[in-house]
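Reader: Could you take me through one part of this model up close? I'd like to hear about the ligand's surroundings and the helix packing beside them.

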Amino acid sequence: MKKLKIAIVGGGASGLIAAVVAKKEHTTVDLYEKNQSIGRKILASGNGRCNIFNTSVSINDYYGEDISFASKVLKRLDFNRFREFCLNMGLLLDVKDDGRVYPLSDEAKSVVNVFRAYLDKLNVNILTNTPVLEIEKTDAKFTLFNDDGILGEYDKVLIASGLLAAPQLGASKDGANMALSFGHLLNPVYPALVPLELDGTLFRRMEGVKMKASIALYVDNKKKGEVLGDILFTKYGVSGFAVLDISSQASFYLKSSRKVEISINLLPGIEKQYIGSRLAFAQKNLKEYDILTVLSGMLPLKVAKAVLIKIGIDAKETVSSFNSKSIKQIVNEMFNMRFEVTATHGFKYAEACGGGVKTDDICVNTMESKLAKGLYFAGEVLDIVGARGGFNFAFAFASGYVAASNMALST
Ligand SMILES: Cc1cc2nc3c(=O)[nH]c(=O)nc-3n(C[C@H](O)[C@H](O)[C@H](O)COP(=O)(O)OP(=O)(O)OC[C@H]3O[C@@H](n4cnc5c(N)ncnc54)[C@H](O)[C@@H]3O)c2cc1C
């Protein structure tokens with residue numbers, strides 16, 4: 001029987017799982033990776049721990065033009081099946097209480113090492129330092145090229161080359177460009193899970209402060225969501241888990257030039273009234289204190305200073321000199337410190353890329369292009385982006401798995 005020749009472009013999460021699944025007795029699989037080694041983003045993920053999956057994946061964890069696409073794909077590789085797949089390769093997983101899944105070793109290196117060893121065992125040809133820059137289809141065959149010329153001829157090709165997040169780790173628009181050459185359309189790309197840059201300079205006065213806060217996102221003055229978690233003030237704006245969590249939506253709206261603002265509640269879980277009553281207490285019983293000293297009993301000092309600057313109050317004024325109106329103004333600022341978001345911190349600092357190849361032209365059951373038979377897509381190159389928590393790897397693995405299961409069929 002003639003062997004089916006399969007090419008996979010990209011040795012990231014989606015390409016690696018696809019290479020394992022596509023390799024059968026009747027297939028040869030060439031895995032092309034432009035970097036010197038496979039899985040560089042996996043190694044950098046989860047702060048070197050790789051949050052590889054999540055046990056409770058739902059449609060609400062994704063953004064994209066058609067998120068039902070993600071949910072259909074993810075049904076084909078649920079956590080139990082993924083765990084079994086990993087166990088077969090020798091990779092053990094650890095499920096945390098919140099549903100996040102990590103390698104049992106707690107090291108991202110385990111994931112890449114195990115994939116590498118298993119691909120070697122299966123005799124997948126791994127071609128590192130080999131970017132694919134063009135794909136041509138003639139009759140039923142695909143020819144792959146780069147600047148050095150023809151790389152090979154294949155029956156089926158999977159584009160699993162990711163998109164623009166973290167270019168320093170190999171991200172490129174090559175896959176999207178190759179999709180365009182087959183008539184596919186792209187939705188505009190934007191950085192996701194990314195720090196945000198803010199208007200003005202006030203935030204710089206809080207640089208280095210990390211605290212728990214609740215962050216609400218406003219677009220054209222309409223509230224679009226709120227998250228609770230860490231915020232870190234930086235020299236360009238804000239970072240931290242809560243910021244990353246709200247950033248994909250912020251970035252999506254920034255790309256269409258909407259007015260995007262964040263409102264920071266500096267005292268989440270505490271009643272406004274309670275803070276008002278503590279200020280009233282200070283007015284009565286701690287009359288000699290200046291207002292900054294009073295606020296510094298509630299907030300980090302740099303933040304307390306910034307609150308007062310924002311509303312134009314002299315930090316040295318004694319608390320007894322305030323009237324109820326100005327006390328109310330201070331309390332309001334502590335619960336609703338607003339900043340306009342001017343930009344994201346860019347693709348270099350983004351964990352994921354939103355937008356990408358439109359899913360309309362991809363068959364959800366097979367991941368095959370509806371425009372070019374034998375051409376497949378998986379992972380971040382598609383217009384699907386997940387929330388933090390293992391959801392991006394979950395989609396990359398599930399889509400690579402679905403694509404390769406179909407590619408390996410001999411008909
Ligand atoms: C710092 C960081 C931390 C992250 N942490 C997590 C996490 O803990 N959990 C989570 O779920 N997600 C995380 N992510 C997101 C996750 O890594 C991606 O969503 C996922 O890797 C996407 O997989 P992919 O296979 O589609 O693309 P990629 O992993 O980007 O793989 C694409 C591969 O294709 C290669 N390539 C590109 N162009 C070409 C070409 N022309 N020819 C050949 N090869 C090419 C690239 O070098 C790359 O190796 C993180 C991302 C970053 C940047």
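Author: Here is a walk from the ligand shell to a helix pair. Keep in mind that this is a predicted model, where local features need pLDDT of at least 70 and side-chain atom pairs count only at pLDDT 80 or more, while totals for chains, interfaces and linings use all residues. Residues are numbered from 1 along each chain as its sequence is written.

There are 40 residues around the ligand, and Gly10, Gly12, Gly162, Gly170 and Gly379 come nearest (around means a C-beta atom, placed from the backbone, within 6 Å of the molecule). Two or more residues each come from α1 (13-22), α2 (40-44) and α12 (391-407); helices here are DSSP runs of H or I, at least four residues, numbered from the N terminus. The top contributor is α12, with four residues. By class, the shell has 17 nonpolar, 16 polar and seven charged residues (Ala, Val, Leu, Ile, Met, Phe, Trp, Tyr, Cys and Pro are nonpolar, Asp, Glu, Lys and Arg charged, and the others, Gly among them, polar).

Now, α12 also packs against α3 (residues 67-75): their axes come within 8 Å and cross at roughly 65 degrees. Axes are lines fitted to C-alpha atoms over the stretch in contact, with angles from 0 to 180 degrees between N-to-C directions. So α3 is roughly perpendicular to α12, a label that covers 65 to 115 degrees. On the α3 side, Ala70, Val73 and Leu74 make the contact, and α12 answers with Ala394, Phe395, Ala398, Ser399 and Val402 (contact means C-beta atoms, placed from the backbone, within 7 Å).

Conventions
Angles under 35 degrees count as roughly parallel, over 145 as roughly antiparallel, 65 to 115 as roughly perpendicular and the rest as oblique. Two residues are in contact if their C-beta atoms, placed from the backbone, lie within 7 Å.
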